[in-house]
Amino acid sequence: MRRSQINALMRDAEAFFAAHRFALPPWAAWSPDDWSVHPAAARYCAERQMGWDITDFGSGDFMRRGLILFCLRNGIAEVPGEVPYAEKLMVVREGQETPWHWHKVKMEDIIVRGGGRLAVEVFARDADGERSEGPVVVHCDGIAREVVAGEPILLAPGESITVPRGLVHRFYGAPGTGTVLVGEVSQVNDDRADNFFLEELPRFAAIEEDAPALHPLWNEVEP
């Protein structure tokens with residue numbers, strides 16, 4: 001991805017969050033220079049993977065396969081005294097896929113906060129770790145639903161799905177419904193070690209530096 005593209009996507013996301021009356025913390029607007037004069041905040045956020053995160057999962061086609069995330073709060077796994085939870089915001093466009101993946105540690109709720117509809121697909125794995133075509137029981141806002149493996153579960157604003165550990169899932173904006181404002185509430189999130197994709201995919205984008213950074217991504221903040 002080009003840095004100029006990432007900057008433009010950040011501006012679009014800021015406007016989208018504001019349109020839905022979701023205010024970000026003050027440091028969301030900091031430049032690289034701003035972070036450099038706040039070393040304690042930089043260290044705290046970088047160690048907890050908090051802040052901007054924009055990726056195309058190595059696809060080279062962000063609009064087809066990509067995601068904008070902002071991690072608002074998080075802890076550090078297995079560290080006494082750390083918060084045991086995380087919260088994220090995401091911007092998901094129509095047809096824009098976050099590819100099949102699962103987590104060993106993290107259990108999460110994926111919540112549609114506003115905008116269009118989110119399509120979520122899931123399947124379980126058998127004892128050998130292979131895809132099971134059997135039905136899956138998921139909970140949407142506390143209500144159990146039995147779904148066919150890979151069947152789209154459409155979530156409207158205000159609706160959510162609980163994704164337990166080990167359940168393979170992907171999601172995308174339902175075509176014809178508009179860009180989706182998605183929230184995530186979960187156990188501590190570790191994007192370096194707890195994302196297991198079915199394909200050989202990089203979690204973070206390779207960046208071509210064709211412009212100065214508007215805001216650094218969380219993995220670029222220097223503690």
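A cavity is a set of grid points where a 1.4 Å probe fits but cannot get out. The structure shown is a predicted model.

**Exercise 1.** Determine how many cavities of 30 Å³ or more there are, and state the volume of the largest.

*Solution.* Under this rule, 3 cavities of 30 Å³ or more are counted.

**Exercise 2.** Describe the lining of the largest cavity by residue, by strand and by class.

*Solution.* Next, consider the strands: at least two lining residues come from each of β2 (67–73), β3 (85–92), β4 (97–102), β5 (108–115) and β11 (168–173). Finally, sort by class: the lining comprises 7 nonpolar, 6 polar and 6 charged residues.

**Exercise 3.** Give the class composition of the lining of the second largest cavity.

*Solution.* Residues lining the second largest cavity include Trp-27, Trp-30, Trp-35, Trp-52 and Trp-218, as well as Gly-51 and His-215. The classes are 10 nonpolar, 2 polar and no charged residues.

**Exercise 4.** Explain why β11 is largely enclosed, and identify strands that pair with β11.

*Solution.* Buried means under 20% relative accessible area. Of the 6 residues of β11, 5 are buried, so the strand is largely enclosed by the rest of the structure. β4 pairs with β11 in the antiparallel sense over 3 bridges, with Glu-97 opposite Tyr-172. Strand β6 (residues 118–123) also pairs antiparallel with β11, over 6 bridges; here Arg-170 is the bridge partner of Glu-121.

Terms used:
Residues numbered from 1 in each chain as written. Predicted model: local features only at pLDDT ≥ 70, side-chain atom pairs only at ≥ 80, totals over all residues. Heavy atoms only, no water. 1 Å grid on protein atoms, 1.4 Å probe; cavity = no way out; pocket = protein on both sides within 12 Å on 5 of 7 lines; lining within 4 Å. Points joined across faces, edges and corners; volume = space filled by probe spheres on them. Helix = DSSP H or I, 4+ residues; strand = E, 2+ residues; numbered from the N terminus. Nonpolar A, V, L, I, M, F, W, Y, C, P; charged D, E, K, R; others polar. Buried < 20%, exposed > 50% of the residue type's maximum accessible area, 1.4 Å probe, protein only. Pairing = 2+ DSSP bridges.
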